[in-house]
Amino acid sequence: MIIRNTFLRQGCRIATIPARQWTRCLATEVDLESIESSLDNSLKETKSIESEIQKQTDQLVPQIDSQTHASLNLLKDGTAQEHNKLQRHRKRTNALGSNIAPHYQPHTLVTRPPSPSDITLELLLASQAHLGHKTSHWHPMNSRYIFGIRQGIHIISLEVTAAHLRRACRVVSGVAERGGLILFVGTRPGQERCVVKAAEMAKGCHLFERWTPGSITNGVRLLGRCKTKVVDEFDQNVPGYENELKDHPVLKPDLVVCLNPLENWVLLHECGLNAIPTIGIIDTDADPTWVTYPIPANDDSLRCVQVIAGALGRAGEEGQRNRSEKAMAGNVTYTPTPLTSASKGGKSRTGGNTTDRYGSQ
Amino acid sequence: MATKLPFRLAYRSSIHCPRCLNRRPLHSTASKQAGIAAPPIDLNNLPPPNASNARIIPASPSYFTGLPDSTDKYLSLISLLRRYQTLPTVPPAQAPRVAWRTLIQYRLLVGEPVRASKYHKIIEVLQRLNRIHPSVLPAEVSTAMETYKREVDPYAVQKRPAIIDEDGRAFGVGRRKSSSAKVYLVQGEGEVLVNGKAINNVFGRIHDRESALWALKATGRLDKYNVWALVSGGGVTGQAEAITLGAAKALMVFEPALKPALRRAGCVTRDPRRVERKKPGHVKARKMPTWTKR
C-alpha cells in the first residue's frame, strides 16, 4: 500500500508519550472526552497485558470439574440453593391472589389446541381471522368470502370461515380414519410449533422449512434415503419386510394441509399433478383455486393459524381414535398393502390377491 | 381381615321380585349363555403383529423434509430447551468449554447431507443448553448433549508456548499476499539481514525498508535486536509486509507487554487481502468491458 495510514504512525507515537505531556500541547480548554477515552485505552492496555501474562504462567488456570467440565467455583456458588428456594416460594405463593379467568394464554393454542366443536365466531374474531388485506391487493375470486370493507381492508365473513373450517376438519378426520397419510405444512417463522403438534395429533407428517421442489414428482431422488416402516391395523411395527421396503415406491401424502399457500405454490402444484387433495388458509389476496378445500381466513396472524392448525390436528386425532376403535372391533378401515414374503424363505404368503413379483406362484 | 358372618347376613342368593312378590334367584343362568361379553380393551396385550393388514408409513414424521434424522434431532433439542428454559444460566464465557461436532462429523452422525445453516441452528441450541448453570443442569440435558460432543477433551489442547531457544533467538512467521517470511530476533545492536543480504540491497524503496522493521521502529527497539529474515514468494512490498508481521510476533516473545502497542501500530493483524480472481464476462476481477448500446 502506497498511502499509509498516518494515524497509525502518529497514534503509536502519541501513546508512548505520557498523557499529561500531550494534553499540554492541546488548546487551553482541555477536552474531557479525549482524556476519558485515553483512560479507557490505558485500562484496556492493562487488561490485555494481564491476559498476556496469565497465558504465560500456569498458576492462574481455573479449577475444573473433570466430569462436567464446569468451573468448580460455579458448582459451589449457591445458585442451586437459591433456585430451589425460589421454587419452594413459588409453590407456596402461586395459588394466592386473584384468578383472572378466562383469559388468553398464547401457549395453550399450541399445547391444548381447540377441537372442531370449540370453534366459535368469537374465537375466530379474537384470533383476527377476519382481517384481510388492502382492497387493492385482493383476488376477485375471494369476493364470495368477503363480508365487507373497513379502514381500507377486506373483512372476511367469519360464518364462511367457520363453515369451511368445519368442512376441512371433517375431511381431515375422514382421511385419518381411513389410514391416510396427512402432511401439515407451515413454512413461515413461528408456525413450526403448531405444525409439529398438529402432525403429532393426527399421526401424520410435518414440514416447517422450505419445501424441496420435486419431493412428490421426483420423490425417488429426494426422499429415497428416508426410512419407511410396515405397520398393522393397531400401528404395531411388523418386522421382517426390509427388502420389500427398499423396492417399494416413495410415499406420497394422501392429504396436504398448507398454512401459507402463497409461499408454497410449487407444493400445491405438485399435489395437483398427483391427485392429492389439499386444504389451505386462503387470505383475500390468495387464489382459492390453488387448494381443494380453501379456508378463508387471515394467514398473516400467527394466532389465527394456530387456531386453525389446532382444530385440524384435533380432527385428525379424532379420526385416528375412530380408526383404532374400529380396528379393535375387527374392522380394518383401509386397503392393506400386499407384501410378498419372497424375502422371507419358507413363510406363507399373505393375502389372496398377492402376485409374487419374483415369479414363483 | 373378614370375620365370618352368620348365614343370614351372607351373600344374597335370592331376592323378592317387585312385580310378582315371589322369590326369584338373584343370578339366574339357566336359559342364557354366560361369558358373552367381549374382553376389555387392552392396548398393552395386542395380538402379535401380522402382515395381513399391513400398510407402509414413514418411519419419522419428518419424512417429507428430506432430512428426517436431522430434523428429529433438532426438534428433540428444541423441546428439551423449552422445558428447561427458565433454569438459571451462566454468561457464555463461564459456560463449560465444549468441542461440538464439526459439520462433517455431524453429517456422518446423521448420514444426511445437512446444510451448514441447519447445522448452525442446532449448535446454537446446544450452546444455549450448555449455558444452563452446571449446579442445576438436569441429567436428561447432559446425556442429550453428549451425542453432539466431539470425542476430545477441549482442555487437553494446550497451545505450544513461544519460547526463546538456547541461542537466545525468538522466532516468528509472517505472511502477506503470497509472500511468507521466517524471522529470527536476538538481542543485539540493530543489524538486519534479509535472505543473507543487507536490507538496503533487498528493498530499494525506503518505504519497504521502514515497513519491514516497523514493529521495532514503532516500539523504539531498533538498536536492541538483531533481525535475521528468510522470505520468499510474492513481490517486494508483500515480502516487506510479511517481515513486519514475523518480526512483531518474534518481538512479542521477548516482550509480551508490547502487544497493545504493536496492535495500535498495525503489526499484529495478518492482512487477509489476496489478489481477487478474474471472472468470466469481466476484463479483470472487477473491470467490465465497455458498455455498448447495441
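The model is predicted, so local features need pLDDT of at least 70 and side-chain atom pairs count only at pLDDT 80 or more, whereas totals for chains, interfaces and linings use all residues. Residues are numbered from 1 along each chain as its sequence is written, chains are lettered from A and ligands numbered from 1 in the order in which they are written, and side-chain values use heavy atoms, with hydrogens and water left out.

**Stop 1: a sheet in chain A**

Helices (H or I, at least four residues) and strands (E, at least two) are DSSP runs, numbered from the N terminus. Two strands are taken to pair if DSSP finds at least two bridges between them.

A:Arg150 has A:Ile153 as its bridge partner, and A:Gly148 has A:Ile155. The hairpin of strand 2 and strand 3 has two residues between the strands, and A:Gln151 takes a positive phi near 55° there. Strand 1 and strand 3 of chain A also pair in the antiparallel sense, over two bridges. Which residue of strand 3 is the bridge partner of A:Leu131? The partner is A:Ile155.

**Stop 2: a salt bridge within chain A**

Display the side chains of A:Asp299 and A:Arg188, which meet in a salt bridge at 3.8 Å, N to O. The term denotes a side-chain nitrogen of Lys or Arg within 4 Å of a carboxyl oxygen of Asp or Glu. A:Asp299 lies in the loop between strand 9 (293-296) and helix 13 (302-328) of chain A, and A:Arg188 in the loop between strand 4 (182-185) and helix 9 (192-202), so the pair ties together parts that are 111 residues apart in sequence. Over all chains, the whole structure has 22 salt bridges.

**Stop 3: the interface of chains A and B**

Show both chains. The contact (heavy atoms within 4.5 Å) takes 67 residues from chain A and 61 residues from chain B. Between them the chains bury about 5,800 Å², 63% of it on carbon and sulfur atoms; buried area is the accessible area (1.4 Å probe) that two parts lose on being put together, summed over both. Select B:Arg55, B:Ile56 and B:Phe64, which supply 16% of the area that chain B buries against chain A, more than any other three residues.

How many salt bridges join chain B and chain A? The count is three. One to display is A:Glu209 with B:Lys121, whose closest N and O atoms are 3.0 Å apart.

Strand 6 (residues 228-231) of chain A pairs with strand 3 of chain B in the antiparallel sense over four bridges. In this pairing, A:Val231 has B:Arg55 as its bridge partner.

**Stop 4: a sheet in chain B**

Finally, turn to chain B, where five strands form an open sheet in the order 4-5-8-6-7, with mixed pairing. Its edge strands are strand 4 (170-176) and strand 7 (197-198). Strand 6 (residues 192-194) and strand 8 (residues 225-232) of chain B pair in the parallel sense over three bridges, and B:Leu193 has B:Trp228 as its bridge partner. Helix 8 of chain B packs on the sheet, touching strand 4, strand 5 (179-187), strand 6 and strand 8; the direction of helix 8 makes about 150° with that of strand 4.

Notes
Axes fitted to C-alpha atoms, helices over the stretch in contact; angles between N-to-C directions.
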